[in-house]
Amino acid sequence: VALDGGASTGKRAYLLQGDAVKHDITAPFDDIVKIAVDVQASGGYQGGRWLAGPTTSTATANGGAVTAGGTTAVGGTTGGGIGHLHVLAERNVVTATVKVQHSTSGSTWADLITFTAATGRTFQRSTVSGTVKEQLRAALTTLTEGATGGSLTWAVAFARGGSPKK
C-alpha cells in the first residue's frame, strides 16, 4: 500500500502487488551486508481508501465508515474489489481476526472479506467479486491476548473494482 496524503481513515491508498525482479546481496567485509532489490508493481488499484489507518488496539474495534463517491444508499459498486491487511506489530497476541465489512445504511454491517487469523506481524491481500455496498469499514472482530494482556498495531485499505451500481 502506498500513501497519498497520510494513512488516516478515508484517505487515498494505492494498493498494488510488488514483484521482485532483481536482487543483490553482498557482504564484502566487517559484517556489513548490502541489499538491493528492484520491485515492479502489478495488480494495482489506484482508487483505494484507508478503512483503518495504522492504529494500536487492546480490544476489538471498528474503523469509521468510508462512503464511496458516486453510489447511492441502495447501490454500491459492481466489480468487487481488493483488500489489504497490515499487522505492523503485536505484543502478546495469540490471534486476531480482521474483516472488511460493507453496509447500505451504516447501521447494519455484513462481512465482505475475512482475513486469515493473524498470529503475528503479517500482510494479507484478498479479493472479492460482485457488488460492494456503499459504505465500508474495517473491523477487528477477535483479539485473543496472552495472560498479561496485549496489543495489536494494524491497518486496512480497500479498493473497489468496476463502476457504480445503478
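The questions and answers below go through a few features of this predicted model.

Residues are numbered from 1 along each chain as its sequence is written. In this predicted model, local features need pLDDT of at least 70 and side-chain atom pairs count only at pLDDT 80 or more, while totals for chains, interfaces and linings use all residues, and side-chain values use heavy atoms, with hydrogens and water left out.

Reader: Is Val-39 buried or exposed?
Author: Val-39 has its place in strand S3, where a strand is a DSSP run (E) of at least two residues, numbered from the N terminus. Buried means under 20% relative accessible area, exposed over 50%, and partly exposed in between, with a 1.4 Å probe and protein chains only. Because its relative accessible area is 55%, Val-39 is exposed.

Reader: In which loop is Thr-104 found, and is Thr-104 buried, exposed or partly exposed?
Author: Thr-104 is found in the loop between strand S7 (93-103) and strand S8 (110-114). Its C-alpha atom is separated by 7.7 Å from that of Gly-76, although the two residues are 28 apart along the chain. Since its relative accessibility is 33%, Thr-104 counts as partly exposed.

Reader: Which residue in S11 does Leu-85 stand opposite?
Author: Strand S11 (residues 151-160) has nine of its 10 residues buried, so S11 is largely enclosed by the rest of the structure. Strand S6 (residues 81-91) pairs with S11 in the antiparallel sense over 10 bridges, where pairing requires that DSSP finds at least two bridges between two strands. The residue in S11 that stands opposite Leu-85 is Val-156.

Methods
Helices (H or I, at least four residues) and strands (E, at least two) are DSSP runs, numbered from the N terminus.
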